[in-house]
Amino acid sequence: MKKLLILVVFLVSHAAYSAPLTIEITESEMGALPIAVVPFGWQGPGQAPSEDIASIIGADLKRSGRFKTMPPKDMIAFPHTGTNVDFRDWRVLGMESLVVGQVKPNGVGGYIVRFQLFDVFKGEQLAGYSIPTTARDLRATAHHISDLIYEKLTGQRGAFATRIAYITSIVQKEGKRKIALQVADADGYHPQTIVTSTEPLMSPAWSPDGLKLAYVSFEKGRPSIFIQEVYTGKRQRVASFKGINGAPAWSPDGRKLALTLSKDGNPDIFILDLAKRTLQPLSRHYAIDTEPAWSPDGKHIIWTSDRGGRPQIYRIPSRGGKAERITFEGKYNARASYSPDGKLITMVTQIGREFRIGVLDLASSQFQVLSDGALDESPSFAPNGSMVIYATKLKGQGELAAVSVDGRVKQRLALQVGDVREPAWAPYSQ
Amino acid sequence: MKLKMIKFVPLTLAALLFVGCSTTEQKAEDGPAPVSETPDKMDHSMHGKDAATSGADAATGWTGHPLDDPAKLTSTRVIHFDFDRSEIKSEYQAIVIAHGEYLAQHSSQTVTIEGHCDERGSREYNIALGERRANAVKRLLMAQGATSGQITTVSYGEERPVAMASNETAWAENRRAVFAY
């Protein structure tokens, strides 16, 4: 009986730990590159690690929308090293790329993961690495391998070994809501709660070095802005003025925070110097001014203002100056942020009666709607600019979704419990 | 409608339970206010001669906290708004004015005005919009003589919905300002 109980507890906690998000490609894989990632071999005495490196890599590549991965059941050979590969096998199956690899022990709790990437038609190796790691970091190592493969085959840096932050809300038995700020791998695994509250938590924003999160907490019944170190949990309150303390946004150098304060009567954008603790007003207008975001070069700030009667996106030099409106399409545009190269901005846009994610090309003024939900919000670019993660609603439940920046590939990251919202994609760690 | 009823019951029960204490509670307040807050209808029925014109209502004098008197507009604690708007709609003006008059007459009474929004649009913009709604209520309260020291405002944006569905009815219910005494 005791044994059974332990087993059940293990299963429950394991499930909660390792599979919180499910990935589902909602659009076609047309134009995706066919690739086979052969299950990795185990070279050594004792038990092979429980993490399946090849399936993690396969899921990453598939998730990007750029690859069509072959299910292992369709494979006719299972080589672990290049010398055992017969390229004819893979040409017959229509594969263009092939990944093989193996894991071997490396001291106590350590492993070495070797992998090779091949061009099937040329029959030549494109990349090959041997990476020392630990049991704990095996998933991270798999994501790094995905990044290497992705970059080799697409020419663009991968963003698989990155993280996301988001807010969850779970209604507990007594009807009380438990709100949490969580951090997880970009594929949704390893979720870790870093703040919980019975009052609203909002607007998580990563520092440029990926080590801190700024967020809004209503824990004293009114909003304050906190900055918390992600790994130590240490935090400080940086804004708790009368009225709104909201929408924190880090400057690219990490020294300043743009934020919304209504201490002077209505919401305006301010710049808080984190070292000097000085506050500079940026926008001064009787209308609503909120949701600031910095351009990647730090020279501009875009934000939401309804000074023209409806919420639209405006831009102003971050040192102050003349505000100019930059969105003209649609009657409601809000919560804008720049792509990492500064060429695009993504935002919430109203299309008819629905709220969707839009992207504006700043040079051409071309506007494209990326999502197809009715209540989409909080878009956030991946650090390589390839995708936008956002919050959507399905059957009354908040979920996270991601879409390729061309709008072609969509996926859902469905948390199994509760309402999930306000995703923020972390920058590359430095 | 059903929701409003359910919400009201505990208030009424609580008020009834406090019937015995109502004198002490009134004493705790400053000034002559409790007298003016004694329901008119009760006065009439006691005077007798007006009984005929006061009708059946006259017999049921409210003995709970005057703010909870179901016969008074101040017992309504929630007003609603149009999408992306913060003007107080004509049908709610009298309610806000009644709260303002009560606050003006009871200078030690304080209230928190919560501004709320529906789930549509972006969250931080909705925080700002909720504050604008709360401020619109505050301005009208002050126009009746309430002082800014009596009124605290807080916006919860779309973070605290009362209706969980994603439809027009739920949205209309969630776009609200709440008088929290």
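In what order do the elements of chain B run from the N terminus on? They run α-α-α-α-α-β-α-β-α-β-α-β. This amounts to 8 helices and 4 strands in chain B. Helices (H or I, at least four residues) and strands (E, at least two) are DSSP runs, numbered from the N terminus.

The model is predicted: local features need pLDDT of at least 70, side-chain atom pairs count only at pLDDT 80 or more, and totals for chains, interfaces and linings use all residues. Residues are numbered from 1 along each chain as its sequence is written, while chains are lettered from A and ligands numbered from 1 in the order in which they are written.

Chain B has 181 residues, of which 35% are buried. A residue is buried if 20 or more other C-beta atoms lie within 10 Å of its own, exposed if 12 or fewer, and partly exposed in between, with C-beta atoms placed from the backbone. Contacts were also computed for chain B. Two residues are in contact if their C-beta atoms, placed from the backbone, lie within 7 Å. Of the contacts in chain B with a separation of 6 or more, 68% join residues 24 or more positions apart.

Two helices of chain B illustrate the packing. Helix H6 (residues 90–105) of chain B packs on helix H7 (residues 123–143) of chain B at an angle of about 55°, and their axes are 8 Å apart. Axes are lines fitted to C-alpha atoms, for helices over the stretch in contact, and angles run from 0 to 180 degrees between N-to-C directions. H6(B) and H7(B) are therefore oblique to each other. Angles under 35 degrees count as roughly parallel, over 145 as roughly antiparallel, 65 to 115 as roughly perpendicular and the rest as oblique. From H6(B), the residues Val96(B), Ile97(B), His99(B), Gly100(B) and Leu103(B) meet Val137(B), Leu140(B), Leu141(B) and Ala143(B) of H7(B). The residues of this contact divide into 7 nonpolar, 2 polar and no charged. Here Ala, Val, Leu, Ile, Met, Phe, Trp, Tyr, Cys and Pro count as nonpolar, Asp, Glu, Lys and Arg as charged, and the others, Gly among them, as polar.

Chain A meets chain B through 27 residues, which are in contact with 20 residues of chain B. On the side of chain A that touches chain B, at least two residues each come from E11, strand E15 (245–250), strand E19 (289–294), strand E23 (333–338) and strand E27 (377–381). By class, that side of chain A has 12 nonpolar, 9 polar and 6 charged residues.

Chain A also holds an open sheet of 4 strands, in the order E10-E9-E8-E31, with antiparallel pairing. Strand E10 (192–197) and strand E31 (419–425) of chain A each have a single partner strand, so one side of each is left without a neighbour in the sheet. Two strands pair if DSSP finds at least two bridges between them. Strand E8 (residues 163–171) of chain A pairs with E31(A) over 5 bridges. Ile164(A) has Trp425(A) as its bridge partner in E31(A).

Two residues of chain A have a positive phi without being glycines. For Ser203(A) phi is about 55°, and for Lys395(A) about 50°. Ser203(A) lies in strand E11 (residues 201–206) of chain A and counts as buried, with 27 C-beta neighbours inside 10 Å. Lys395(A) is in the loop between strand E28 (387–394) and strand E29 (397–404) of chain A. Lys395(A) has 6 C-beta neighbours inside 10 Å and counts as exposed.
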